[in-house]
Amino acid sequence: MIEHTFAEIHNVRQKRTFKIVVMLSLILAVIFLISLNTGTMRLTPEQVWAVLTGEGSQKQQTVLFRLRLPRMIIAILVGAGLAVSGAVLQGISKNALADPGILGINSGANLVVLLIVITAPASIFANPFLLPAGALLGSCCTAAIIFAMSYKKGRGLHPSRMLLIGIAVAAALSAISAILTLKLNPMEYDMVYEFSLGSLYGGDWDFVLSLLPWILGVLPFVIYKSHILNILHLNESAGVSLGYSVEKERFYLLLAALALAASSSAIGGGIGFVGLMGPHMARKLVGPKHQFMLPAAALLGAILVIAGDTVARSILKNTELPAGVVISMLGAPYFLYLLLKSR
Amino acid sequence: MYKQIRTVHLFTALAFVLLLSACNISNETASTESVAKAESGLQANNEVTEQQAGYPRTVKHEDGVITLDSRPEKIISIDEDIIDILSLLGHSPLGSEGLDEVADSALFAPYIEGKDIINMGNRMNLETLLDMDVDLLIFTSDKVRELDSLKDIAPYAVVAGGADYRTRIRQLGELLGEEQQAEAIIEDYDQQVETVKAEMPSDFEETVLVLRANGKDFTALSTEEFGLLFNELGFKPVKGMEAGGQLTIEGISAANPDHIIIAESIRESDPKKPNGLINMWEENPVWKSLSAVKNGNVHTVDKLLIEPVFSAQFEILKLAKEIIGG
């Protein structure tokens with residue numbers, strides 16, 4: 001009888017989740033269409049349609065296929081990656097304030113980007129993959145240091161210990177970055193500062209292709225492991241009694257969170273709040289069960305980043321704002337609301 | 001359910017913000033189009049034959065070769081530091097990145113005031129750039145970070161950056177069909193350099209330290225960055241400071257130069273408080289104890305004087321005269 005009730009609750013939740021995921025997908029589709037039609041160069045919906053069907057002028061094709069579409073797809077991938085990474089980290093650490101920053105992703109990426117800017121000749125920056133590759137390297141190295149320091153023989157990887165070590169390592173790396181920043185000339189400072197704020201400027205199909213395998217490869221894996229996340233989030237001993245190797249599963253999930261966050265940050269820079277807000281909003285919509293929450297978080301993250309980037313590239317006529325700034329401006333009030341509400 | 005409705009409202013608001021942003025851009029684009037039409041009307045009045053002299057031409061630049069069918073008229077500068085040279089060659093750019101950095105500089109005022117140069121910010125909007133139908137984007141080799149993002153949008157050329165002013169002027173002259181004017185500018189510059197060199201006493205041993213005031217600390221410029229003073233005119237840098245670097249006030253005290261040339265950091269300066277980052281040290285006991293301060297040998301200069309700007313070199317020559325004369 002009790003099992004039947006649980007099944008009923010599960011079914012109701014599944015139906016509700018389905019509806020919400022469909023609704024979020026529709027919202028994402030609407031924002032995608034708005035974004036496709038929005039920019040400093042005016043294209044009417046009819047012109048957009050003409051270009052999409054193979055007509056339109058060379059200039060219109062450049063706007064759509066070279067400037068807007070790849071960047072919008074990058075925004076969706078980065079948003080989904082950061083939000084799901086945040087959800088995984090919050091689940092593993094049982095800390096609702098955890099986000100990819102606790103793995104030192106942003107601080108490690110910033111430090112390596114800084115080192116590249118200081119040491120490499122200016123001509124090398126014409127290679128668009130230099131900074132993303134450096135950022136990826138910095139993220140992974142920092143995360144590896146945090147993993148190694150958090151691991152205790154016999155006790156494994158303790159989440160709260162990892163959180164504290166992550167905060168300490170990130171603070172130390174930020175301090176080194178602050179010292180190195182003093183060596184920068186104004187132009188170099190702009191470059192590093194923009195990366196740290198988060199920006200999708202100049203994103204093209206090469207970036208899409210370099211990010212796509214990470215997101216498409218890791219997202220299904222995380223969703224597949226969502227039942228493990230539920231166990232880790234609630235009661236680890238239950239996981240042990242069910243025959244799971246909790247330590248191993250936690251390590252795999254951490255690696256997955258790192259892969260999502262590091263690849264997203266390498267392309268999008270230090271876009272903040274998405275890893276924090278996406279999971280929170282998803283939890284409010286579909287509840288805490290990860291099999292329901294993760295798809296919703298991915299969609300919400302995608303919506304936040306594509307909306308933020310569309311405003312960032314369109315609101316000023318001659319220049320652009322870093323997308324990370326716009327997302328923080330949109331997200332900070334909501335996050336404050338969450339904090340005040342939970343008091 | 002109420003919570004879900006609220007969240008959906010949040011996203012509806014987000015979509016509304018996007019729509020507003022789209023409407024805003026539509027209006028602005030309309031005005032850009034009318035400006036562009038007016039500009040093309042003006043261009044039609046120019047002497048076509050004069051414009052086409054020497055074109056088409058193929059020009060080798062720092063990142064390859066470009067073939068220009070006609071003299072580029074709509075030029076966008078990716079480095080604000082070349083606006084003065086473009087202006088001296090008679091081709092002020094249609095727009096430039098980094099205009100905010102030079103807007104309040106007295107040194108640059110003759111080259112930007114009344115010129116209607118569009119301020120493209122620090123990251124120019126790619127769609128606006130495409131819409132402008134630019135003839136030529138000009139980068140310097142110091143500022144090629146955006147090359148990959150911009151090179152598909154308009155023809156581009158990269159000219160020499162840093163303190164290599166002569167090469168930069170020649171390259172710009174070649175791109176703009178103004179080789180003679182470029183040579184005249186270089187000749188005038190060389191003459192002025194030679195004049196100051198001739199006035200330079202052979203036994204002048206006083207040391208010079210060039211500083212950028214950042215607020216809490218200073219950046220010493222290297223002899224390469226300030227090549228005219230140290231390498232061409234032969235002024236003595238402080239021993240050990242040839243490569244430049246970060247300095248605290250104690251570091252300056254340890255270096256104890258005979259002369260200090262100091263300018264505010266472009267990034268940190270406040271246009272409402274001219275020289276505020278320098279004046280803040282006036283009451284500092286370590287600053288007051290410096291030989292250069294005691295002897296009145298602190299030379300406060302325009303912030304562009306310590307940047308790789310060609311027109312600043314003439315001010316450096318004046319300053320050099322002042323130092324050897326003082």
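1. Let's start with His290(A), which counts as buried because its relative accessibility is 1%, under the 20% cut-off. Please keep in mind throughout that this is a predicted model. As for its place in the chain, His290(A) belongs to helix α13 of chain A, which covers residues 290–314.

2. What does His290(A) touch, once residues up to four places away in sequence are not counted? The list is Ala87(A), Gly91(A), Ser226(A), Leu229(A), Asn230(A), His233(A) and Pro295(A).

3. Next, a helix pair in chain A. Two packed helices are described by the angle between their axes and the distance between the axes. For helix α3 (residues 58–93) and helix α8 (residues 205–224) of chain A, the angle is about 30° and the axes lie 10 Å apart. α3(A) is therefore roughly parallel to α8(A), as angles under 35 degrees count that way. The crossing of α3(A) past α8(A) is left-handed.

4. Which residues make this contact? From α3(A) come Phe65(A), Leu69(A), Pro70(A), Ile73(A), Ile74(A), Leu77(A), Val78(A), Ala80(A), Gly81(A), Val84(A) and Val88(A). From α8(A) come Trp205(A), Phe207(A), Val208(A), Leu211(A), Leu212(A), Ile215(A), Leu219(A) and Val222(A). By class, the residues of the contact between α3(A) and α8(A) are 18 nonpolar and 1 polar, with no charged ones.

5. Over to chain B for an overview. Chain B contains 15 helices and 13 strands. It has 326 residues, and 52% of them count as buried. Among contacts in chain B with a separation of 6 or more, 63% come from residues 24 or more positions apart.

6. Finally, a histidine in chain B. Where does His91(B) lie? You will find His91(B) in the loop that runs between α3 (83–88) and β4 (95–96) of chain B. Although in a loop, His91(B) has a relative accessibility of 11% and so counts as buried.

7. The surroundings of His91(B) are worth a click too. Its side chain makes a polar contact with the side chain of Glu178(B), at 2.8 Å. With neighbours within four places in sequence left aside, the residues in contact with His91(B) are Arg71(B), Pro72(B), Ile75(B), Leu86(B), Leu176(B) and Glu178(B).

Key: Residues numbered from 1 in each chain as written. Chains lettered and ligands numbered in written order. Predicted model: local features only at pLDDT ≥ 70, side-chain atom pairs only at ≥ 80, totals over all residues. Heavy atoms only, no water. Helix = DSSP H or I, 4+ residues; strand = E, 2+ residues; numbered from the N terminus. Buried < 20%, exposed > 50% of the residue type's maximum accessible area, 1.4 Å probe, protein only. Polar contact = N/O pair within 3.5 Å; in protein donor to acceptor, adjacent residues only side chain to side chain. Contact = heavy atoms within 4.5 Å. Axes fitted to C-alpha atoms, helices over the stretch in contact; angles between N-to-C directions. Parallel < 35°, antiparallel > 145°, perpendicular 65-115°, else oblique. Left-handed = near helix turned anticlockwise from the far one by under 90°. Nonpolar A, V, L, I, M, F, W, Y, C, P; charged D, E, K, R; others polar.
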